[in-house]
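Here is a short note to read alongside the coordinates. The points can be checked one by one.

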Amino acid sequence: MLLNMNNNLKILFTAFVLTTVTFVTIILYLINNKVEQQLESEKEILDVTYKTIIDSYKTNANIIYFNKLDTKEVKEIIFDAYEANEAQKNKIRKKLHKELLYMYENMHSFKIKQLHFHLKDNESFLRFHRPEKFGDNLTNIRRTVMFTNKNRQAIQGFEEGRVFNGYRFVYPLSYKMKYLGSVEVSVSMNAIIKSMNKELKSDIDFIIKKEVVDAKVFDSEISNYRLCETNNAYYHEKSISKKKNIVIEDISENYIDTNKEEFLSKKDSDKIFNFTSTYEDKRYITTYLPIKNAITKEKVAYLIITREHPHLQNAINKFQTSLMFFIILNSLFFYFLFKSEKRKIQLKHKDEILDELQVMGHIGYWERDNVNKELTWSEELFKILEVKEGEIAPSYKNFMKFIHKEDFKRINTIYKKFFKNLLDYKAEFRIITSTGKVKFVEQEAHHILDEEGKAIRSIGTLRDVTEIKNFQIEAEHSKKEFELLVSNIPDIVYKREIDKAQTVTYLNDSLKNILGYENEDLLFNSRISFSQIIHEEDLRQVEYSLENLLKSDITKPITLKYRLKQKSGNSIWISDRFKIMRKDNKKYLEGIISDINSQKNAYDKLYKFIDLQQNIVILTDGEKLKFANKSFFEFFNYRNLAHFLQDYNCICELFLEDNNYFNLTKIENHNDWVQELQKLPQTSRIVAINDNNGRKKSFSVTINSFENSLFIVSFTDITETILMNQELQQKTIHDKLTNAYNREYFELINKKFIYEADQNPTTSFALCLVDIDFFKKVNDTFGHDVGDITLIDLVKVINSSIRKEDILVRWGGEEFILLMKNVTDETLQSSLEHIKSIVIKHEFEIIGNLTCSFGATIYKKDEDIKDTIKRADINLYTAKKTGRNKIVIS
């Protein structure tokens, strides 16, 4: 028995340790979870803010490029710059500087800092920000310039320069089928930081790798930088960090000193990372946003953003206060348990001695001689009653005087039955001692019978159990205090059943602080059910999620985000983190509801910022539109998103089917349109859409990843630029007289035909030389004006008899080249016979009929196009030599 008691002490000690460790773990988990949520939210907000700002600068850069730089006037100035000698280059440079100086001086309105022209061999031709520095070759120094000049594609991104660092937008320049070089506009990091600070109201700093600056910057410009005090592998740019940012550098230095390995691990990961810390009794979150080189994609710099977060500190303080409160209460609770258990062991030990000695009356013992009617009390019984022997005579009447009035009637009835019916009894009741103290006692009694069955003696014990009862009362009190502790956790702690009403069976006291309801309103659906306070627009989604979770038998904690209605009528966003529990084959939920309304408001602020953009900006997963700004609804003449979704799911459904633009007919899976656009170079990300008046508009598309497989897509109106370029293109690729394609266009299109033929081993293309028979007689007889009319008419006849994908090129005089896709020897012969027949039957104005000779061949894989033309020319010569009006193929 004593061994069992000692085991009880061990169990109590183990329980004390387990409850303390469990609650500490819960509180630390809640703190860590709150911090992690805030850190992740901070990273998402800063990342999207940065990308949105960059996107707005890109729009400005595109406007400058399409409207001011990629123009006939500018390109005619630099048309011969690459081949020019130094004196000629200086003359061109001055003319270009004069042409664009006014625009450059007003570029600050677009927040653009630099304008830089480069020749196609990467030579720096003109820096508007340093016009005296030119002629240096940027190969292997400015890789964005190398990329654009090599691939003839636009590129954007951060890159270190020879003077300043910045976000570069580099564009190709071509004119009259000639590649001229590239032009760059860029934004300083200082401008980007000012834009971010305007949105975030935070401390922001910029650091860049020292080795990168030392390798690229002019020696005369190295004074623009100073060494970073917290990390000597990085520089500060003085134009940004004119003086030490005390808050950022002190916070970073303290964090690195205490978390060096963790910091180095995060810094080497090339991913955005952040941490929280206190500085001058305030809570801050410091985020390191990596800046990567546009070409190598290697991290070369960091934006460091530090923002104060008082709400996070308040939440941590509440959790820590709850933890200290619990530890104190738990220690007191188990202290009384230990103390009581020890006393129980002592009392039990005495009982065992009494049992062994068979002397029940030594502690609170009484005996009545029923024959002589004499009653005796033991010394211990007098002590329990707190009276001295001799002060009161032992009697039934005197003993009943000590019994508590609320227990008197019950005990009196028991005594009467004991003596009348000779029934043993055991009863617990209260007594009031002579000193007025209330005690709890336990009494047992039985009779000793003679041979006739008469009770000759009655004996019993009176045991003081006051300490045990007090322990039980204290335990109940501690239980209530523990429940009070849980109720003080700032988040809502709950249990709820999985039924239609989602009946709540337990709540702590945080319900009123967050939602305004009393616990009695919600518990067991007294006045309102939990399902009734879920926002109507979110209720079905919550029910659907629970149904799926129940089917999956998932055991890990789940988080849902939705809106709850406050008693005031307002709605707030909450995070509901719960676990599905099982008891007696019944499932229910235990969880914690956290108020995330401020976090949601931060996202709403971001959406508001997007809504102010003049561009059309949407948020989509590629399949369905999730958000659109004001410009979107004005352009399509819809009231709101719900109105638009009645007719369409996606903006991509409105892309016009035009081969000159990206549209859904060019891809297999329409839901992948965002990913397919991202694969294209920026200059090819152009779509056509009709506005609400049916007018065709052209848009340049920019895409940024957001979160949870969502994308921010921006549409910039470049209609005027596209129309101007299309008109210019039509003039430069068509023959002025006949409107057939010219030789310059042939130089471009034959490469496309060759590429497609090389990709498909089963088909190729044909090249046919077409020559008008005896055309010299037409000119000699009717004059050159009639000859020109005849050429124009012939082009119309041939174009009407060939397929859309076939190309007719005026090669010279009365000679034409015809390119025909996907042909074999058999199909080529029949196609040319058809054309030959149409030409013969046609009645030409003034001259009547004419014939043509055809020399054709099929392109051979990997051969030079000149060899193909030569083979066709030989066949044409054969056709003419053998009588004309013939088709010769080899």
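This is a predicted model: local features need pLDDT of at least 70, side-chain atom pairs count only at pLDDT 80 or more; totals for chains, interfaces and linings use all residues.

1. Nonpolar cores. The largest nonpolar core holds 78 residues. Within this core, Leu-69, Ile-78, Leu-115, Phe-117 and Leu-303 have the most contacts. Helix α1, residues 2–69, supplies 12 residues, the largest share of this core. Another core, of 31 residues, lies apart from it, and Cys-768, Leu-794, Ile-835 and Val-839 are among its members. As background, nonpolar side chains in soluble globular proteins tend to be buried together.

2. Helices α25 and α26. Helix α25 spans residues 784–801 and helix α26 spans residues 825–841; they pack with their axes 10 Å apart, at an angle of about 140°. Angles over 145 degrees would count as roughly antiparallel, so α25 and α26 are classed as oblique to each other. Their crossing is right-handed. On the α25 side the contact is made by Leu-794, Val-797, Ile-798 and Ser-801, and on the α26 side by His-834, Ile-835, Ile-838 and Val-839. By class, this contact between α25 and α26 has 6 nonpolar and 2 polar residues, with no charged ones. Leu-794, Ile-835 and Val-839 also belong to the core of 31 residues.

3. Helices α7 and α8. The axes of α7 (residues 246–258) and α8 (residues 260–267) come within 5 Å and cross at roughly 110°. The range from 65 to 115 degrees counts as roughly perpendicular, and α7 and α8 are therefore placed in that class. Tyr-255, Ile-256 and Thr-258 of α7 meet Lys-260, Glu-262, Phe-263 and Lys-266 of α8. The contact of α7 with α8 comprises 3 nonpolar, 1 polar and 3 charged residues.

4. Lys-89. This lysine is part of helix α3, residues 86–105. Is Lys-89 buried or exposed? Its relative accessible area is 6%, and buried means under 20%, so Lys-89 counts as buried. Setting aside residues up to four places away in sequence, Lys-89 touches Ala-81, Tyr-82, Ala-84, Leu-119, Glu-123 and Phe-125. A reader inspecting this site will find Glu-123 among those contacts.

5. Gln-313. Helix α9, residues 310–357, contains Gln-313. With a relative accessibility of 16%, Gln-313 is counted as buried. Which residues does Gln-313 contact, leaving aside neighbours within four places in sequence? They are Thr-278 and Arg-283. The C-alpha atom of Gln-313 is separated by 9.4 Å from that of Val-35, although the two residues are 278 residues apart along the chain.

6. Positive phi at Asp-584. Most residues other than glycine have a negative phi. Asp-584 has a positive phi, near 55°, and is not a glycine. Asp-584 sits in the loop between β20 (571–583) and β21 (586–595). Its relative accessibility is 71%, so Asp-584 counts as exposed.

7. Positive phi at Asn-822. Phi of Asn-822 is also positive, at about 50°, in a residue that is not a glycine. Asn-822 lies in a strand, β29, which runs over residues 815–823. At 51% relative accessibility Asn-822 counts as exposed, the cut-off being over 50%.

Key. Residues are numbered from 1 along each chain as its sequence is written. Side-chain values use heavy atoms; hydrogens and water are left out. Axes are lines fitted to C-alpha atoms, for helices over the stretch in contact, and angles run from 0 to 180 degrees between N-to-C directions. Helices (H or I, at least four residues) and strands (E, at least two) are DSSP runs, numbered from the N terminus. Angles under 35 degrees count as roughly parallel, over 145 as roughly antiparallel, 65 to 115 as roughly perpendicular and the rest as oblique. A crossing is left-handed if the near helix is turned anticlockwise from the far one by less than a right angle, and right-handed if clockwise. Contact means heavy atoms within 4.5 Å. Ala, Val, Leu, Ile, Met, Phe, Trp, Tyr, Cys and Pro count as nonpolar, Asp, Glu, Lys and Arg as charged, and the others, Gly among them, as polar. Buried means under 20% relative accessible area, exposed over 50%, partly exposed in between (1.4 Å probe, protein chains only). A nonpolar core is a set of buried Ala, Val, Leu, Ile, Met, Phe, Trp, Tyr and Cys residues joined through side-chain atoms within 4.5 Å.
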